[in-house]
Amino acid sequence: LGQNNFTDLQVDSSTTSISTTQPSRCFAQCKRPQFDQRHCRISQLIHFSFRKPKTARSKRALEKRAPKAVENPKKALFLRGTSCSQITQDALGDLYALRQVHAKRFQKKNAIHPFEDASSLAFFSEKNDCSLLLFGSSNKKRPHAITFARTFDYKILDMLELCLDGESFRSISQFKTNKVPVGTRPLMVFAGTAFESPVPNGFTMAKSMLIDFFRGETSDKIDVEGLRYVVVVTADEPIGTENSDDPASKPVLRLRVYTIHTKRSGQKLPRVELEEHGPRIDFRIGRIQEPDEAMLKEAMRKAKTNEERTKKNISTDIMGDKLGRIHMGKLDLSQLQTRKMKGLKRERDVGSGDEEETVVDEAPKRKRKAGI
């Protein structure tokens with residue numbers, strides 16, 4: 001809409017009403033217009049992404065949420081549905097303990113159905129500034145289910161439902177070992193051919209979800225003493241006769257957590273021993289919501305930085321001199337232009353077999369007169 005076409009503008013926190021004298025132009029640029037005889041009224045829901053801060057505290061909060069070249073650690077939000085079994089609650093509690101620094105947990109019940117209407121999850125994500133959500137629910141068809149959801153720009157990017165096996169589940173409290181310090185980043189191991197599939201599927205999405213969940217803060221250097229535990233995820237070989245609707249027929253995804261102990265070995269490298277820490281969870285992949293291609297492309301885009309890009313075939317030696325390598329094609333020396341000299345010219349009669357003798361008469365040398 002042009003700026004000169006407005007006659008009345010009313011802005012509310014949720015809707016915008018516009019009155020104009022040219023309804024044809026409004027109809028061309030509006031999806032759902034409503035006309036009357038005199039003018040065109042348009043009602044459209046507007047999300048105000050920019051809010052001017054009034055205090056220094058709100059300004060710092062908005063700067064913290066603003067996009068950055070190096071993002072903040074992703075926060076995870078733990079939720080539960082109206083019906084959530086005790087096994088699912090214990091599993092959520094153990095995952096929350098491993099991610100306690102960058103996580104929030106709600107204890108109240110929420111009437112949410114993620115795969116039917118995910119607007120509530122998007123609202124909680126924006127309200128609490130969390131890009132990872134774990135929703136626990138349980139029903140007769142899908143008992144002990146945990147739904148992993150990721151957001152981009154406070155909109156649902158993708159979701160993955162994992163169904164627990166209640167019989168094989170063991171919580172952290174059932175293992176009598178030294179607990180991992182809070183905020184420690186783990187090592188991660190993914191074993192199984194299902195994780196290396198070139199076609200995106202539930203296992204590749206589960207690998208991406210778990211890496212995002214356990215990643216924590218990014219750092220350039222790693223202290224070996226800080227490597228205190230390892231998360232091992234193994235996947236069974238996929239079966240060709242599996243039913244996509246029945247989670248029980250799908251391969252099992254096993255999650256194990258071990259603490260790392262280094263002991264003397266009499267050599268330079270220590271001897272490493274693993275002790276199970278917990279939790280012990282067996283998953284089966286349930287429902288999947290794949291990300292939208294346009295949104296995924298926008299989420300994977302990296303910000304341009306001031307760092308110089310490495311240029312091909314250009315290097316710097318020890319003295320600081322810049323060296324360049326030039327790749328040239330094969331030269332055709334037959335077409336090389338040389339200097340024109342009489343001595344390099346070919347004889348005109350090279351083609352004929354007769355050779356003529358050339359006689360050169362030498363001029364008599366003059367004798368130098370002796371000076372008197």
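A bit of housekeeping: residues are numbered from 1 along each chain as its sequence is written, and side-chain values use heavy atoms, with hydrogens and water left out. Since the model is predicted, local features need pLDDT of at least 70 and side-chain atom pairs count only at pLDDT 80 or more, while totals for chains, interfaces and linings use all residues.

**Salt bridges**

Let's start with the charged pairs. A salt bridge here is a side-chain nitrogen of Lys or Arg within 4 Å of a carboxyl oxygen of Asp or Glu. By this rule the count comes to 13.

| Pair | N to O distance |
|---|---|
| Arginine 142 – glutamate 161 | 3.4 Å |
| Arginine 256 – aspartate 282 | 3.0 Å |
| Glutamate 273 – lysine 263 | 3.2 Å |

To place them, helices (H or I, at least four residues) and strands (E, at least two) are DSSP runs, numbered from the N terminus. For burial, the cut-offs are under 20% relative accessible area for buried, over 50% for exposed, and partly exposed in between (1.4 Å probe, protein chains only).

Arginine 142 and glutamate 161 meet in a salt bridge. Arginine 142 sits in the loop between strand E7 (132–137) and strand E8 (145–152) and glutamate 161 in strand E9 (residues 155–164), so the pair ties together parts 19 residues apart in sequence. Arginine 142 counts as buried at 19% relative accessibility, and glutamate 161 is buried too, at 2%.

Arginine 256 and aspartate 282 form another salt bridge. Their pair links strand E12 (residues 252–263) with strand E14 (residues 281–289), 26 residues apart, and both partners are buried.

Glutamate 273 pairs with lysine 263. That bridge runs from strand E13 (residues 271–276) to strand E12, 10 residues apart. Here glutamate 273 is partly exposed at 27% relative accessible area, and lysine 263 is partly exposed at 39%. Elsewhere, salt bridges with shared partners join Lys74, Arg150, Asp158, Asp212 and Arg215 into one network.

**A nonpolar patch**

Ile326, Met328, Leu331, Leu333 and Leu336 make a nonpolar surface patch of about 650 Å². Patch residues have over 30% relative accessible area and no salt bridge, with nonpolar side chains (Val, Leu, Ile, Met, Phe, Trp, Tyr) joined within 5 Å and like charges within 9 Å. Areas come from the Shrake-Rupley method with a 1.4 Å probe. Leucine 333 lies in the segment after strand E16 (322–324) and is exposed at 61%.

Glycine 278 and proline 279 are joined by a cis peptide bond, omega about 5 degrees, and proline 279 lies in the loop between E13 and E14. Histidine 144, not a glycine, has a positive phi of about 55 degrees; it is found in the loop between E7 and E8 and is buried at 18%. Asparagine 313 also has a positive phi, about 60 degrees.
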